[in-house]
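User: Please take a close look at one chain of this model and go through how it is put together. Then set the other chain beside it.

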Amino acid sequence: MSFEKFLFYVFAAILVFAAVMVITRKNPVHSALFLVLAFFNSAGLWMLAEAEFLAIALVLVYVGAVMVLFLFVVMMLDINIAELRAGFVRNAPVAILVAIAMVIELVIVVGPQRFGLDEVAAPAAKPAGYSNTEELGLALFTQHLYAFEIAAVILLVGIVAAIGLTMRRRPDTKSQDPSRQVTVKAKDRLRVIKMDAEEKA
Amino acid sequence: MEYNLASLQPALPEIFLLSAACLILVIDLFLTERTRLLTYGLSLAALAGAVALTLYAAGPEREILFHGSFVRDPMSDVLKIGLLLISLFAFVYAKDYLIELDILRGEYYVLGLFGVLGMLVMISANSFLTVYLGLELLALCLYALVAFHRDSGAGAEAAMKYFVLGALASGMLLYGISMVYGATGQLTFPEVAGVIAGGDADQTVLVFGLVFIVVGVSFKFGAVPFHMWVPDVYQGAPTSVTLFLGSAPKIAAFALTMRLLVDGMGSLVEQWQNMLIILAVLSMALGNVVAIAQSNVKRMLAYSTISHVGFIFLGLLAGTDKGYTAAMFYAITYALTAAGGFGVITMLCRKGFDAENLHDLKGLNDRSPWLAFMMLLIMFSMAGVPPTVGFFAKLFVLDAVISVDMVWLALVAVFFSIIGAFYYIRAVKMMYFDKPIDTAPLAASMDTQVMMSINGLAMLGFGLFPAALLGTCRAAFSG
């Protein structure tokens with residue numbers, strides 16, 4: 001077994017283990033951390049497939065941004081885990097059955113007899129100095145320009161939708177208005193009152 | 001390829017609509033509550049401009065752009081014009097409703113325009129990647145629109161259901177696409193079709209992918225057994241959104257099916273034909289039967305949509321140009337009919353009263369004879385009563401099915417349409433023979449009334465002279 005193959009199995013085994021842990025942990029923070037582990041291992045797999053840019057993007061975007069956000073939300077919200085879990089055991093038999101059926105189908109359809117190395121030859125190794133990022137950029141901005149533009153529009157719609165659905169002026173919110181804060185004068189806030197001295201009661 | 005104005009001409013409607021939507025988004029920021037209607041006017045102008053540019057770019061030839069990811073052909077021209085015009089109706093009907101509910105905000109029309117753009121992208125898609133991105137663009141706009149009325153709990157619930165099930169459907173579709181890509185190694189439809197026709201692709205993987213694609217498409221169409229979201233979303237969404245959701249996207253869904261199944265996997269027709277037969281029969285049966293039991297008119301129309309989707313599938317599964325023509329005719333006329341049907345319901349709404357029950361239609365003739373007559377035409381068209389257009393749409397579909405020797409399927413379709421006629425005619429009976437419960441005067445602005453009259457009379461007009469529209473649809477497939 002070559003070293004690369006060995007690495008593949010190591011990454012794959014940890015990936016599957018982490019994925020199982022994600023859905024079986026009671027504590028959502030643990031689940032999220034195992035998901036991070038799963039992402040790191042899939043990034044490793046991509047690295048083995050010479051897709052360096054995707055591997056880095058996965059770590060940067062998913063681990064660095066999405067999962068941090070996710071953890072943030074999990075910690076901020078007070079979620080009753082027991083309530084969420086209630087359906088899990090009840091639905092587990094059906095879910096397991098479906099999962100097993102899916103695995104069998106997958107093995108039949110995308111198993112090694114159809115997509116093995118003798119069916120689909122491995123791509124030739126890239127020469128030294130080959131830049132994955134550059135090639136990807138070229139493809140994105142030439143061949144897939146149209147798709148790239150539509151993806152940009154989708155992001156714009158995401159922004160419009162998020163702002164449109166959440167931003168609203170509520171009369172009871174407390175917010176600071178910096179321009180009013182800096183233009184405030186001492187006499188607006190402080191009133192000096194002349195009064196006679198009080199006698200001790 | 002070189003990018004200049006001449007080479008980009010086929011994509012002008014999309015480019016124009018995108019620029020217009022972005023411009024309106026910015027202009028809207030500077031508008032106050034009183035001048036908000038400018039956004040509405042500009043959105044209508046954007047749609048009208050896109051229609052003009054579609055006509056300008058139209059032609060009998062097939063043009064491929066952007067490295068094979070975009071196609072402009074006669075079919076896309078017809079569908080785009082139909083789609084843009086029906087969106088125009090949807091935008092006009094929405095205005096009064098939004099004002100009454102006090103939710104007239106610029107984002108409504110901007111999201112609507114982006115949704116229309118997504119549908120245009122789907123219609124003109126020539127690769128799996130484009131079709132998927134167009135679908136997502138449309139879906140994202142629709143999710144946000146369904147949740148647009150933020151004070152409505154039902155709206156939020158509907159949006160959540162729609163979002164989760166829509167994501168599931170996208171996942172299915174994407175999974176199927178990945179299978180087909182794995183089997184053929186190609187993303188653009190003509191190349192995929194070429195590889196499949198060449199017999200080089202692995203048949204098992206291909207059919208497996210096809211199943212997932214058909215499942216994804218039926219989810220988006222709302223065909224039984226993937227219809228669970230339709231009634232809840234139709235009921236929970238603001239009526240103006242239901243109107244938009246239930247009309248124009250049916251044309252886009254037709255285009256999606258045409259592109260994926262016919263352009264991409266036309267030689268697998270025998271496989272998908274059987275799948276579509278099951279979906280069509282189940283949709284017609286369940287849609288028509290369950291609609292009878294509904295007391296909420298939006299829910300009733302949702303089940304009616306499901307049954308009409310069955311009819312569109314019926315035309316598609318014939319697998320002939322005649323069938324595609326009939327299905328296209330059906331999709332366009334149904335979208336127009338649905339727009340009118342929901343349009344009447346939006347016109348019954350007023351401040352603090354959201355008409356959504358069947359008995360809100362009672363005595364409509366006493367309140368507004370003209371509106372009742374329009375609704376009569378629309379209901380008759382949905383039921384398929386001659387001389388309205390719905391009759392001819394059904395006739396052409398049945399004719400196409402019979403000409404491929406599937407008489408039993410035509411009989412099933414007729415049987416369930418007769419059952420379906422019951423609840424449409426019941427609505428007509430309520431309008432004309434029952435006493436009104438609610439006697440508040442119906443006030444609609446001029447533009448809504450004009451559009452509603454055009455919409456209702458179009459049911460009659462296309463019914464009396466179906467040849468013009470049918471000829472246009474036929475020309476789309478003769479090339």
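Analyst: In chain A, 54% of the contacts with a separation of 6 or more are between residues 24 or more positions apart; contact means heavy atoms within 4.5 Å. This is a predicted model, in which local features need pLDDT of at least 70 and side-chain atom pairs count only at pLDDT 80 or more, while totals for chains, interfaces and linings use all residues. Residues are numbered from 1 along each chain as its sequence is written, chains are lettered from A and ligands numbered from 1 in the order in which they are written, and side-chain values use heavy atoms, with hydrogens and water left out.

Chain A has nine helices and zero strands; these are DSSP runs numbered from the N terminus, helices being H or I of at least four residues and strands E of at least two. The radius of gyration of chain A is 28 Å, well over the 17 Å from the globule rule for 201 residues, so the chain is more spread out than a compact globule. That radius is taken over C-alpha atoms, and the rule is 2.2 Å times the number of residues to the power 0.38. Along its principal axes, the C-alpha trace of chain A spans about 100 × 50 × 35 Å. Of its 201 residues, 19% count as buried (under 20% relative accessible area; exposed is over 50%, partly exposed in between; 1.4 Å probe, protein chains only).

Ala12(A), in helix H1 (residues 3-24), is buried, with a relative accessible area of 19%. Its C-alpha atom is separated by 30 Å from that of Met75(A), 63 residues apart along the chain.

Helix H2 (residues 28-48) and helix H3 (residues 52-76) of chain A pack at an angle of about 175 degrees, with axes 9 Å apart. H2(A) is therefore roughly antiparallel to H3(A). Axes are lines fitted to C-alpha atoms, for helices over the stretch in contact, and angles run from 0 to 180 degrees between N-to-C directions; under 35 degrees is roughly parallel, over 145 roughly antiparallel, 65 to 115 roughly perpendicular and the rest oblique. The contact of H2(A) with H3(A) has 23 nonpolar, one polar and one charged residues (Ala, Val, Leu, Ile, Met, Phe, Trp, Tyr, Cys and Pro are nonpolar, Asp, Glu, Lys and Arg charged, the others, Gly among them, polar).

Chain B has 20 helices and two strands. The radius of gyration of chain B is 21 Å, close to the 23 Å of the globule rule for 479 residues, so chain B is as compact as a globular protein of that length. Of these residues, 64% count as buried.
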